[in-house]
Amino acid sequence: YTPVRSDGRRGQMVSETIRNIEPSHPVIHDLRVVGDTSEGGILRAQASYHGGVEKNSTIRWFRVEGSRRTLVGEGREYHVVLDDLGTTIECEYTPRRSDGKTGEPKRTSIGPIAAPQPVASQVRLAGQAAEDGVLNGSAVYSGGREGRSLHKWYRVGRNNARTEVQGNGNSYAIQLQDIGNRMMYEFTPVRSDGVAGEP
């Protein structure tokens, strides 16, 4: 501070210094989880940090089933897996300042996690395509827990007419009537709750 008289004469400058400004306590505001809550989806933690410079904050993900809480991941993102279906996913964000000072954790939840529509992919047919040979069909199922998926076999004639034939699940023993025709395997994915996808 420099005092100045009305006639312009200046006095001696005086000053005072206070100690360094301290950052406030680390705090997380507006924590929320965004993203796709179905199997195979990605969840992301979003929040506002306050309290100096943030560094090495901890984000943990928990699967919650009733009173049971299981740690299933760490980091800003979490990939939803089959075991999460029907449960709630909890995000816990613990703020940490660059000097190591840690704040109180904040938590938020999302769910329950839903199963997507059942889907079949990579449908394949293998085996010996000859009389008395055995064909085996296979497919990759996704969309929740698999239930009693359906396997169908068809004999396809020269005019592309299809006739359903009796198989044994995903296998079929070639009969005399099949000679000269093509064989077709059809897989319909069915979820454990009975919901069916496209064949």
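Author: Arg162 lies over the face of Tyr154, at 4.5 Å from the ring centre. This is a predicted model, in which local features need pLDDT of at least 70 and side-chain atom pairs count only at pLDDT 80 or more, while totals for chains, interfaces and linings use all residues. Residues are numbered from 1 along each chain as its sequence is written, and side-chain values use heavy atoms, with hydrogens and water left out.

Reader: What makes Arg162 count as lying over the face of Tyr154?

Author: A charge sits over a ring if NZ of Lys or CZ of Arg is within 6 Å of the ring centre and within 35 degrees of the ring normal. The 4.5 Å of Arg162 and Tyr154 falls within that distance limit. Arg69 likewise lies over the face of Phe62, at 3.7 Å from the ring centre.

Reader: Why is the pair of Trp153 and Tyr185 called tilted?

Author: Rings of Phe, Tyr and Trp (its six-membered ring) pair if their centres lie within 6.5 Å; planes under 30 degrees apart count as stacked, over 60 as edge-to-face and the rest as tilted. Trp153 and Tyr185 have ring centres 4.9 Å apart and planes at 45°, so the pair is tilted.

Reader: How do you know which label the pair of Trp153 and Tyr172 receives?

Author: Their rings are 5.7 Å apart, centre to centre, with 25° between the planes, and therefore the pair is stacked. Trp153 lies in strand S10 and Tyr172 in strand S12, so the pair ties together parts that are 19 residues apart in sequence; strands are DSSP runs (E, at least two residues), numbered from the N terminus. Trp153, Tyr172 and Tyr185 form one aromatic cluster.

Reader: Is Trp153 buried or exposed, and on what grounds?

Author: Buried means under 20% relative accessible area, exposed over 50%, partly exposed in between (1.4 Å probe, protein chains only). Trp153, with 1%, is therefore buried. Tyr185, at 8%, also counts as buried, as does Arg155 at 19%.

Reader: What joins the side chains of Arg155 and Asp178?

Author: A polar contact of 2.6 Å joins them. The term denotes a pair of N or O atoms within 3.5 Å; within protein, one must be able to donate a hydrogen and the other to accept it, and residues adjacent in sequence count only if both atoms are side-chain atoms. The value for Arg155 and Asp178 is therefore within the distance limit. Arg155 is found in strand S10.

Technical notes. Helices (H or I, at least four residues) and strands (E, at least two) are DSSP runs, numbered from the N terminus.
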